[in-house]
Structure formats: structure tokens, C-alpha cells
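Welcome! Please take a moment to look through the sequence and the 3D structure before you start on the exercises.

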Amino acid sequence: MLYTNSQLNTVSAVSPRIVWKSIQWKEVIEYVKKLRQRIFRAEQLGQHRKVRKLQRLMMRSRANLLLSIRKVTQLNTGKRTAGVDGYKALTPTERENLFEKMKDYNLKSVKVKPVRRTYIEKKSSKKLRPLGIPVIKDRIYQNIVKNALEPQWEAKFEPNSYGFRPKRNAHDAIGNLYTKLHSKGNRKWIFEGDFEGCFDNISHSHITEKIMNFPENRLIKKWLEAGYIDNNVFHETERGTPQGGVISPLLANIALHGIEKEIGLVYRWTKRDGKHLDRKSVGIVRYADDFVILCFTQEQAESMYEKMEKYLNDRGLKLSRDKTKVTHIEDGFDFLGFNLRQYRNKDNRVKLLIKPSKDSVKKARKTIKEVFERKTGRPVKELIYELNPIIRGIGYYWNKVVSAKIMNSIDHYTWILTRKFLNRLHANKNSTWKKERYFKSDHNGISRNKWILTDPDD
């Protein structure tokens with residue numbers, strides 16, 4: 001049986017059981033999308049009663065429930081990770097059963113369970129980052145609430161905030177910085193900021209104060225105070241929002257909202273350009289808990305420590321001593337894996353160049369090397385299957401900036417590792433045999449490279 005968006009919200013107890021593979025997902029997505037747009041528009045117009053009414057409608061919507069089950073159990077990378085109850089829903093039948101159990105839910109009566117604490121290695125160091133994994137049902141409820149709360153705050157969020165927001169990514173943040181730091185600009189001093197343990201230290205009272213008018217603010221407070229289980233021991237959570245929760249990035253953005261006002265950003269409005277940053281104002285670009293403030297003088301940049309004191313105290317945060325510093329644009333700075341720096345030529349003219357940072361290049365090399373080490377002695381097919389998405393991802397992330405030389409060096413590095421891999425795999429074969437067996441030209445004619453590693457059995 002097929003279901004439209006109107007049918008999804010009228011399925012009753014006597015209706016036939018829903019069939020997961022027969023759901024018209026385009027209609028479900030369109031229904032939720034339009035409802036999100038209505039919440040966003042009502043918030044823009046200041047229609048606060050209508051916003052709350054639409055949010056309640058969103059949280060009662062069975063289309064929203066279905067979409068949340070699909071996202072949590074089918075699309076998210078953490079779909080195979082269970083919470084404290086050990087329950088997962090990986091098959092269509094299990095998802096159908098989950099929908100049948102939850103279709104008559106009432107958010108006011110939801111019993112929140114503590115999250116399961118686990119640890120992953122940080123990208124920038126060997127330190128472990130704590131993650132809190134909620135149970136499947138709590139993740140679904142969080143996505144339901146997020147679809148109602150997010151569009152309201154998207155109408156409020158600052159234009160220079162990019163992390164964990166729909167339709168925004170790291171390249172948008174770098175593009176904004178390029179616009180503000182071009183050669184004719186006067187903002188030469190950079191305040192590089194980073195919040196220490198942002199997700200672990202955010203004040204609960206500050207978050208609950210900001211979402212006071214949201215219909216299900218009590219449920220969000222329950223999630224914040226649910227606690228976590230680590231090595232079968234229960235721990236209370238008095239602050240912070242656990243990384244790993246579906247709604248956690250949104251709550252972090254809500255808590256961090258307001259930094260532009262604290263540091264004194266000034267906007268102007270003209271008929272030609274609309275709302276834009278004043279030429280004499282400092283600038284800022286924030287991506288989650290990483291941010292840079294662009295200033296005109298060194299004294300102005302150093303004064304940001306004092307200006308941000310109230311902002312930090314209200315949220316229970318501190319600046320990271322290791323990552324927070326003041327630099328000049330000609331010395332360069334790293335942000336989101338890129339290095340931004342102004343270079344002077346022989347005529348004393350400056351030019352802004354954005355390149356992959358040294359740390360991100362080291363990380364890329366390390367990731368590629370680890371794949372070769374794991375696949376030593378295994379068939380070439382397995383190596384290609386795991387390595388291709390990594391190389392493609394690195395290329396997509398770097399291809400918007402000045403990266404030709406670095407990409408060539410990564411290509412050469414990969415070739416050296418490939419040659420070592422084949423020498424170990426076929427120690428008694430000569431180079432000609434290995435070339436004829438494993439290296440082919442592009443049969444599509446897109447690339448002129450005749451040394452493309454291929455699977456001989458494919």
C-alpha cells in the first residue's frame with residue numbers, strides 16, 4: 001500500500017499496518033519541508049503564537065515521525081550503534097514495528113533514558129573525545145523536536161555562523177573569510193578563538209532560558225539532565241550537551257548565539273546591497289565552537305579577551321589557551337583545515353592565498369597510509385574500495401582553494417605506497433608483469449593517466 005502525506009497523519013489504530021518499502025518518501029519529505037518553511041516564515045514576521053501552533057503541529061505529525069525513524073535508523077552513520085538498552089532497528093520490519101509502537105506517542109509523557117558514554121580519538125590530537133549515545137527512541141524524539149525548533153532559530157541565527165546548520169558548510173565559511181580579508185581590506189589582525197570543551201561545559205540554565213517559549217522545553221531539559229552510563233556506572237550531568245545526540249549541535253548553536261552583539265558588530269542597510277557589515281566594524285566567522293574575529297589593529301584584537309568575558313561567563317565557557325591567539329594576516333592562520341595568509345610580491349603588493357593547512361595535509365597522508373597498512377597482503381580490490389572515497393573526499397574538500405602542488409604531492413605519496421603494496425603482494429614478479437596486470441588507462445577517456453590502479457578480476 002502507498003501512503004501520501006495526508007494519509008500519514010490520519011493513520012489510525014484500525015488502519016492497515018504500514019509497509020516501509022511502500023512509503024512515498026518524496027511526499028513525506030515535502031510535507032515536513034513545507035511545515036518547516038511555515039515555521040521559519042512565521043518567526044521572521046514575528047507571529048509568535050503561530051510559530052508555537054505550527055511547532056505543535058510538527059511534533060504531532062506522523063510524517064515527521066516516519067522521517068525521523070528513517071533518518072536515525074537508516075541514513076545516519078550511527079544507525080548501527082545502540083544506546084544503553086542495546087536496541088537497534090536495521091531492517092524494514094524492525095522500523096515498521098518501531099513506528100507502530102511510537103505512532104500514538106505523546107512527547108509530554110516521554111521517559112528519557114541516560115546516554116551511553118563512549119570515546120573516540122580527536123582529529124587534532126591523541127586525546128579521547130567523549131560521546132553520549134542516546135537510545136534509538138530518544139534519538140527519534142530528538143529529531144522530531146529538532147524539526148520543530150530548528151526553523152524557528154534559523155530565522156534568528158547570526159549570518160556569520162556556519163557550523164551544523166542546514167545549507168551551510170565549511171566552504172561557505174572560508175568564502176566569507178576570503179571576502180573580508182581580500183587585499184584591499186583593512187582588517188589585518190586576527191583573533192583566533194576556540195571554546196574549551198564547548199559541548200561538555202555549556203550551561204543548562206542558559207539553554208533553557210533561550211528556549212523558554214518552546215512548547216516542549218521541559219523535554220529538552222530532561223535530555224540535558226539525563227546523565228550518562230560509563231563502565232556500568234551512572235553519572236549525573238549538571239552542564240553540557242552530549243556529543244552524539246541528534247539535537248545537541250542545534251542546542252550548542254542556540255547557546256553560542258549572540259557573539260556578534262558582544263563584540264560590537266555593526267551592520268548597515270542600503271537599498272542597493274541590503275543588510276551588510278559596516279566598513280568600520282570588526283568582522284567574525286564562526287563554525288560551531290571555532291571562530292575568528294577580524295580586527296583593524298593589534299590593540300583591538302587583544303581587547304576581545306575582555307569584550308568576551310560576559311559572553312563566556314553567561315554560558316559557562318572558557319577560551320582554550322592553546323588555540324586562542326592574536327596573529328597578523330601576513331603571518332597567516334589556520335581555520336577549518338585551511339591556511340589563510342596574505343603574501344607580498346616584489347612590487348610590495350599583497351595577495352590573499354588560501355591553502356590546505358600543514359596539519360590537514362599530515363592528517364590526509366596519515367589516513368591514506370593507515371589504509372595501506374590495514375590492507376597489506378589483501379586483494380587490490382579491497383584496497384581500491386576503501387581508498388577511493390578517502391581520496392575523493394580530500395579532493396572535494398581542497399579543490400576550491402590553492403591546492404594543485406599539495407594534491408600532486410599527495411598523488412605522488414599514494415603512488416609510492418601503491419608500489420610498496422604491490423611489491424609485498426607479488427615479491428617474485430617483475431615491474432612489467434605488475435604494470436600489465438594492475439595498471440590501465442581510463443576506458444572512459446576522461447583522464448589521460450595510463451597508470452590507474454585497477455582490479456584485474458573486475
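Predicted model: local features only at pLDDT ≥ 70, side-chain atom pairs only at ≥ 80, totals over all residues.

**Exercise 1.** Find out which face of helix 2 its buried residues line.

Solution. Start with the extent of the helix: helix 2 covers residues 25–44, which makes 20 residues. From its first C-alpha to its last it reaches 29 Å, close to the 28 Å expected at 1.5 Å a residue. Next, pick out the residues with under 20% relative accessible area. In helix 2 these buried residues are W25, V28, V32, L35, R36, I39, A42 and E43. Now look down the axis of helix 2: the buried residues fall within an arc of 135°, so they line one face of the helix.

**Exercise 2.** Describe how strand 1 pairs with strand 2 and with strand 4.

Solution. Take strand 2 (residues 128–133) to begin with: strand 1 pairs with strand 2 in the antiparallel sense, over six bridges. Within this pairing, T118 has L131 as its bridge partner, and R116 stands opposite I133. Then turn to strand 4 (residues 228–230): strand 1 (residues 115–121) pairs with strand 4 in the parallel sense, over two bridges. Here V115 has Y228 as its bridge partner.

**Exercise 3.** Work out the strand order of the open sheet and which strands stand at its edges.

Solution. The open sheet has four strands in the order 2-1-4-5, and its pairing is mixed. Strand 2 and strand 5 (233–235) each have a single partner strand, so one side of each is left without a neighbour in the sheet. Finally, the twist from one strand to the next averages 40°.

Note on methods. Residues numbered from 1 in each chain as written. Heavy atoms only, no water. Pairing = 2+ DSSP bridges. Expected span 1.5 Å × (residues − 1). Buried < 20%, exposed > 50% of the residue type's maximum accessible area, 1.4 Å probe, protein only. Arc of directions from axis to C-beta. Axes fitted to C-alpha atoms, helices over the stretch in contact; angles between N-to-C directions.
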